[in-house]
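Biologist: I'd like to learn how to read a protein model. Could you walk me through one?

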Amino acid sequence: MDKNPDAFRTISEVAEDMNLPQHVLRFWETRFSQIKPMKRGGGRRYYRPNDVELIKGIRHLLYDQGYTIKGVQKLLRENGNVYVTALGAGNLEAAEAILASRQASDAMDAENGLIGKAKAKVGRRFLGVGKTEQSEASAPSVNEEQLSKDNKALLQETLFDLLECKRLLDQSR
């Protein structure tokens, strides 16, 4: 029997859905204050749908994109839960819109606008959009419009594979 999508989930259900051990979810609760499951009698955890979506985003960034815990904490702090949730869901348009919105509000708040530009540059790097200053100097220029959707998908898949290899190598060290 499948649950309603709006139903709360137990830690075992979330762990099974995410292919994670339960202790990893408990550990993440200590590292990401944004994950706040409801606890009932006996300490049993119940995750809200928003918690589950946030965990998917965190898992995606840590395991698929190769981020460190500190890197994900920084993303959450600077861009919020909705941004990480959008990345986890693969909704790059929403994530870019969140970055653009934050950039606009930061630019209005900061007299020189440097805060918003820095956040947008970091956000574009996380999304794989645009280039960082370091990569501009070393990488040949390729117009994004020149790449077909298939080639972009292949490049993205290759990037994910390389990041997974890096993560596995880092784990074995």
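Biologist: Let's start with a pocket. Which residues lie nearest the centre of the second largest pocket, and how many residues line it?

Modeller: Keep in mind that this is a predicted model. The second largest pocket has 14 lining residues, and those nearest its centre are Leu62, Tyr63, Tyr67, Arg167 and Gln171. Helix 2, helix 3 (49–64) and helix 9 (149–172) are the elements that each give two or more residues to that lining. Helix 9 gives the most, with five residues.

Biologist: What is the volume of the second largest pocket, and what classes of residue are in its lining?

Modeller: Its volume is about 250 Å³. Sorted by class, the lining has eight nonpolar, three polar and three charged residues.

Biologist: Leu62 was on your list. Is leucine 62 buried or exposed?

Modeller: We call a residue buried when its relative accessible area is under 20%. Leucine 62 has 7%, so it is buried. You'll find leucine 62 in helix 3.

Biologist: Which residues does leucine 62 touch, leaving out those up to four places away in sequence?

Modeller: Leucine 62 touches Trp28, Phe32, Tyr67, Thr68, Ile69, Val72 and Arg167.

Biologist: How do I read a helix like helix 3? What does it reach from its first C-alpha to its last?

Modeller: Start with the general idea: an α-helix has 3.6 residues a turn, so residues three or four places apart point the same way. Now the case here. Helix 3 has 16 residues and reaches 21 Å, close to the 22 Å expected at 1.5 Å a residue. Its buried residues are Asp51, Val52, Leu54, Ile55, Gly57, Ile58, Arg59, His60, Leu61 and Leu62. For another case, look at helix 5 (residues 81–88), where Tyr83, Val84, Thr85, Ala86 and Leu87 are buried.

Biologist: And what comes just after helix 3?

Modeller: Glycine 66, with a positive phi of about 80°. Helix 5 is followed by glycine 90, whose phi is also positive, near 80°.

Biologist: What about phi in other residues? What is the phi of asparagine 19?

Modeller: The general idea is that most residues other than glycine have a negative phi. Asparagine 19 has a positive phi, near 60°, although the residue is not glycine. Asparagine 19 sits in the loop between helix 1 (11–18) and helix 2 (22–31).

Biologist: Is asparagine 19 buried or exposed?

Modeller: The cut-off for exposed is over 50% relative accessible area. Asparagine 19 has 65%, so it is exposed. Its C-alpha lies 9.9 Å from that of arginine 59, which is 40 residues away along the chain.

Biologist: Let's step back to the whole chain. How many helices and strands are there?

Modeller: Nine helices and three strands. Along the sequence, their pattern is β-α-α-β-β-α-α-α-α-α-α-α.

Biologist: What share of the chain is buried, and what share of the surface belongs to carbon and sulfur atoms?

Modeller: Of the 173 residues, 31% are buried. The accessible surface comes to about 11,500 Å², and carbon and sulfur atoms hold 52% of that. As for contacts with a separation of 6 or more, 51% join residues 24 or more positions apart.

Conventions. Residues are numbered from 1 along each chain as its sequence is written. This is a predicted model: local features need pLDDT of at least 70, side-chain atom pairs count only at pLDDT 80 or more; totals for chains, interfaces and linings use all residues. Side-chain values use heavy atoms; hydrogens and water are left out. Buried means under 20% relative accessible area, exposed over 50%, partly exposed in between (1.4 Å probe, protein chains only). Helices (H or I, at least four residues) and strands (E, at least two) are DSSP runs, numbered from the N terminus. On a 1 Å grid over the protein atoms alone, a cavity is a set of points where a 1.4 Å probe fits but cannot get out, and a pocket is an open set with protein on both sides within 12 Å along at least five of seven lines; lining residues have an atom within 4 Å of a point. Grid points are joined across faces, edges and corners, and a volume is the space filled by probe spheres set on the points. Ala, Val, Leu, Ile, Met, Phe, Trp, Tyr, Cys and Pro count as nonpolar, Asp, Glu, Lys and Arg as charged, and the others, Gly among them, as polar. Contact means heavy atoms within 4.5 Å. Accessible areas come from the Shrake-Rupley method with a 1.4 Å probe; for residues, only the protein chains shown count as cover. The expected span of a helix is 1.5 Å times one less than its number of residues.
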